[in-house]
Amino acid sequence: MRRGHNIFFDGALVVLLIQSCANAFYLPGAAPHDYEAGEQVNLFVNALTPMLSARDDSKLKSLINYDYYNPSFRFCEPEGGPKNQPESLGSILFGDRIFNSPYDIKMLEDNGTCHTLCTVEVPAEDAKFINDRIREDYALNWLIDGLPAAEMKKDLKTGDVFFDLGFNLGNDDDDIPYLNNHYEIVLRYHQPSPGIFRVVGVLVWPFSRGGSQQPSDRPDCDSEVPPLLLSETQSSSVRYTYRVTWNESDTPWATRWDNYLHIFDPKIHWFSLINSIVIVVFLCIMVAMILLRTVSRDISRYNAIDLSEDVQEDWGWKLVHGEVFRTPRYSTALAVMVGNGAQLCAMCAVTLVFALLGFLSPSNRGSLATVMVVCWSFFGGIGGYYSSRVYASLGGKDRRKTAFITATVLPTVVFGIIFLLNFMLLVAGSSGAVPFSTMLLIVLLWFGISAPLSSIGYYIGSKQGGVSHPVRVNQIPRQIPPVPRYLQPWWCALLAGVLPFGAAFVELYFVMSSLFASRAYYAFGFLALTTFVVALTTATVTILFTYFTLCAEEYRWHWRSFLIGGGSAFWMFAYGLLYWASRLSLDSFSSVMLYIGYLFLLCLFDFLITGTIGFLASYWAVRKLYSAIRVD
């Protein structure tokens with residue numbers, strides 16, 4: 001009784017401590033910056049990215065990022081030259097290249113005053129480069145107090161006002177590229193206490209102002225002037241101006257990201273989720289009916305047969321009880337793929353948990369990619385453990401070779417593809433190319449942390465051995481009769497992959513728009529539910545097709561179950577090609593290869609994850625099925 005009182009007291013003390021510290025606790029990278037009047041507010045510039053406009057028929061025209069201070073853009077530089085800002089691993093991998101800027105902004109000062117930033121000369125060849133980037137709808141990306149500069153827009157379907165990340169380098173609505181050289185900067189601030197100010201919104205309206213571009217002590221930002229067109233035959237002068245306006249806001253600092261993380265048409269997300277749940281419920285009921293009615297009836301009939309009766313009374317899946325656990329061909333490759341799939345499953349699950357709990361703050365740029373890379377590295381033990389146990393269960397003997405391949409093959413393939421894509425970015429002069437030091441860090445994470453942990457996991461799994469099988473394997477393989485076309489491996493994969501893909505294709509559109517079109521995505525609640533539905537759908541549909549395969553006396557179910565589970569990856573690749581045709585207009589060879597490369601990696605990861613889920617679910621179902629019958 002005393003122990004119970006101590007536990008209750010300790011629990012109450014922990015709750016009180018958490019409540020007392022709640023006001024002082026902030027997630028990493030998410031602590032507010034309190035400004036005083038007149039204090040310097042730093043404006044940082046990020047890489048220029050291609051932008052997908054709000055029109056329904058708009059297409060993304062490039063996948064190449066460019067440094068803000070690329071010499072061809074001729075932007076104004078700060079005194080002493082631009083200085084690179086420290087960034088996280090994920091931020092670098094996603095192409096962020098953040099520098100300081102010459103903009104002089106002080107809290108609540110120079111409200112509404114027009115300033116000249118600098119005047120530059122743009123040669124003809126650089127003018128052509130800039131005009132081409134304007135035609136490709138490139139956007140500028142600024143950061144103030146961790147908030148990205150955005151344009152205020154209105155969702156035509158819901159009527160909600162939201163902030164669209166980035167703002168246009170220029171305007172080519174009339175098929176003539178006009179450069180934006182004046183920026184109306186609106187900074188929203190909140191005053192939590194007297195004399196303390198916090199930035200809660202950053203809006204920028206860019207304008208193209210032609211006319212005289214000569215420096216002036218009193219610049220005019222309001223007069224009517226024609227837009228600025230850069231000449232591609234001779235040098236042009238460009239005067240950059242800006243004006244800062246301070247607006248007080250009731251938005252507290254804790255909810256300042258709400259306007260940025262806008263969910264376009266949430267009804268589509270709910271419709272997709274409900275539709276997916278209906279599919280899962282239907283599949284679960286179907287599998288339950290098969291297991292409870294058909295299988296239970298078969299098991300009862302088989303167990304009721306007198307042992308003296310002719311064995312030919314057996315039919316269907318009972319006939320292959322002596323073959324169903326026979327070692328499949330290429331068991332090493334299957335065990336390696338299951339191990340890597342289990343490692344990826346663990347990585348995705350933990351990352352989603354962190355995202356749902358709010359640890360992946362959007363102000364901490366690149367935190368999502370950082371967590372994924374770190375989790376992948378530290379979950380190498382999970383991959384080695386599952387690979388070892390599956391390999392032992394399949395009757396494999398060459399354990400050292402399997403352990404080595406499990407630890408090295410997937411990182412080598414992924415690193416090789418990323419290295420080729422990085423080379424394409426270097427050739428194209430993109431800032432998205434990963435620096436050599438970062439590439440070396442990834443190699444150290446994969447081969448210095450993940451590989452040793454994979455070996456440790458494989459050792460632990462080998463000590464536990466394989467899973468015991470409920471029936472013995474015949475010495476002589478049984479002849480396999482012809483199976484229907486819909487039960488052949490590739491047809492099964494395509495037919496079964498439709499259902500998991502159908503449960504996720506709506507959410508997949510928003511994820512791909514976030515990856516390729518620089519759209520903010522933070523609907524992790526929908527994503528987590530969709531992931532759970534896809535996993536459950538994959539498991540049930542794979543069990544269903546495995547049962548049909550065994551009923552057709554086809555006992556080679558191991559590779560089929562993995563292929564059936566990963567069938568959604570083939571539909572994902574087809575959807576990626578459709579997305580390319582409908583939302584992308586890539587003219588350069590580098591952009592095309594980048595898109596195909598990243599799409600292939602996405603489909604590869606999906607194939608390994610869903611294939612692993614399908615194989616493990618089928619393995620569990622087959623063991624349960626054959627452990628319930630009496631075999632002579």
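**Salt bridges**

I counted the salt bridges and got 13. My rule was a side-chain nitrogen of Lys or Arg within 4 Å of a carboxyl oxygen of Asp or Glu. The model is predicted, so I took local features at pLDDT of at least 70 and side-chain atom pairs at pLDDT 80 or more, while totals for chains, interfaces and linings use all residues. I number residues from 1 along each chain as its sequence is written, and side-chain values use heavy atoms, with hydrogens and water left out.

I looked up Lys61 next. Lys61 forms a salt bridge with Asp137, with 3.6 Å between the closest N and O atoms. The two come from distant parts of the chain, 76 residues apart: Lys61 is in the loop between S2 and H2, and Asp137 is in the loop between helix H3 (124-135) and S4. Helices and strands here are DSSP runs numbered from the N terminus (helices H or I, at least four residues; strands E, at least two). I also checked burial, where buried is under 20% relative accessible area, exposed is over 50%, and partly exposed lies in between (1.4 Å probe, protein chains only). Lys61 is partly exposed at 29%. Asp137 is buried at 18%.

Then I turned to Arg135. Its side chain meets that of Glu232 in a salt bridge, at 3.9 Å from N to O. Arg135 sits in helix H3 and Glu232 in the loop between strand S13 (196-207) and S14, so this pair ties together parts 97 residues apart in sequence. Both partners are partly exposed: Arg135 has a relative accessible area of 34%, and Glu232 has 36%.

Arg256 is buried at 3% relative accessibility. Asp145 is buried too, at 16%. I also noted one network: salt bridges that share partners join Lys128, Asp132, Arg135 and Glu232.

**Positive phi**

I went back to Asp145 for its backbone. Asp145 is not a glycine, yet its phi is positive, about 55°. Its loop runs between strand S5 (142-144) and strand S6 (147-148).

Arg74 is another non-glycine residue with a positive phi, near 60°. I found Arg74 in the loop between strand S2 (49-50) and helix H2 (89-93). Arg74 is partly exposed, at 33% relative accessibility.

**Strand pairing**

I counted two strands as paired if DSSP finds at least two bridges between them. Strand S14 (residues 236-248) pairs with strand S3 (residues 114-122) in the antiparallel sense, over eight bridges. In this pairing His115 stands opposite Tyr242 of S14. Strand S12 (residues 182-193) runs parallel to S14, and eight bridges join them. Here I found Tyr189 opposite Glu248 of S14.

I then looked at an open sheet of three strands, in the order S2-S4-S9 with antiparallel pairing. Its edge strands are S2 and strand S9 (167-168), each pairing on one side only. Strand S4 (residues 138-140) and S9 are joined by two bridges, in the antiparallel sense. Ala139 stands opposite Asn168 in S9.
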